[in-house]
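Thanks for coming. I will take the overall fold, then the core, then the charged pairs.

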Amino acid sequence: MAEAGEANSASKTIGLRVQKKLIGKMATKKTVKAVIDDETFLLIDELTGLVKELKGDKASEKYIKDLIKVVVKVGLLMKNEQFNQDEVAISQGFRQKLHTICMTFISFYEVPFSHDSSFLAKGVKDAGDLIHKLTHRHLTEKSQKRINHVFGLFTEEMFEVLFNPDGPQKERLGRMVPLIAKLVDDEKL
């Protein structure tokens, strides 16, 4: 009996590794569009445009690919119940932190000149730290570097550019905030 349980566990582990590898190969906006809702896709599209304008085409492609890989791999780990009790608590802390960041982002947009870039940047950094704690025993070092890349974009400087009322990102921000608000209302963020 014990051998059957071990074989089943080994095959589940191999199956999960294969799924993570396949996801890594298929992480493109086009592929993801088929499995996510419209608001999430539009938000990813706006984020792509933002990164493209701030960092260039190549950086934008890499950023979105890394974002997709991180989100899908964490989702895969959750779906396959790979997290222990402590990690489940960390994931709940991450969801709360992400919700707070999103609500703060919306509030800063709605009230001109109220934004606090350092507060937002610290919140994003803390969220990234939580994802590292959540995934450190499940994902490779390469995936951990992707997490750094995804969360490292949101610096004080980037938020200053984004929230500049006369800046080039004003229209983009106006498109992003309703999408974020909808995803928050639908409890997807």
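**Overall make-up**

Of the 189 residues in the protein chain, 39% count as buried. Please keep in mind that this is a predicted model. The chain has nine helices and zero strands. Its exposed surface comes to about 11500 Å², and carbon and sulfur atoms supply 56% of that. As for contacts between residues at least 6 apart in sequence, 73% join residues at least 24 apart.

In soluble globular proteins, nonpolar side chains tend to be buried together. Here the largest nonpolar core has 43 residues, and the members that touch the most others are Y63, F105, F151, F159 and F163. At least two residues of this core come from each of α3, α4, α5, α6, α7, α8 and α9.

Take F105. Which residues does F105 contact, leaving aside its neighbours within four places in sequence? They are L120, F159, L162, F163, L173, V177 and I180.

Buried in α8 are M158, F159, L162 and F163. Seen down the helix axis, these buried residues fall within an arc of 120°, so they line one face of α8. Their cover includes α3, α5, α6 and α9.

**Charged pairs**

The structure holds 12 salt bridges. I will go through a few of them.

E87 pairs with R137, with the closest N and O atoms 2.6 Å apart. This pair links distant parts of the chain: E87 sits in helix α5 and R137 in the loop between α6 and α7, 50 residues apart. Are the two partners buried or exposed? E87 is buried, at a relative accessible area of 4%, while R137 is partly exposed at 47%.

Next, D126 and K122 form a salt bridge whose closest N and O atoms are 2.9 Å apart. These two are four residues apart in helix α6, so about one helical turn separates them. D126 counts as partly exposed, at 21% relative accessibility.

In helix α7, K145 and E141 are also four residues apart, which again means about one helical turn between them. Their closest N and O atoms are 3.8 Å apart, and both residues are exposed.

Last, a network of salt bridges links E46, E53, E171, R172 and R175.

Methods:
Residues are numbered from 1 along each chain as its sequence is written. This is a predicted model: local features need pLDDT of at least 70, side-chain atom pairs count only at pLDDT 80 or more; totals for chains, interfaces and linings use all residues. Side-chain values use heavy atoms; hydrogens and water are left out. A nonpolar core is a set of buried Ala, Val, Leu, Ile, Met, Phe, Trp, Tyr and Cys residues joined through side-chain atoms within 4.5 Å. Buried means under 20% relative accessible area, exposed over 50%, partly exposed in between (1.4 Å probe, protein chains only). Contact means heavy atoms within 4.5 Å. The arc is that of the directions from the helix axis to the C-beta atoms. Accessible areas come from the Shrake-Rupley method with a 1.4 Å probe; for residues, only the protein chains shown count as cover. A salt bridge is a side-chain nitrogen of Lys or Arg within 4 Å of a carboxyl oxygen of Asp or Glu.
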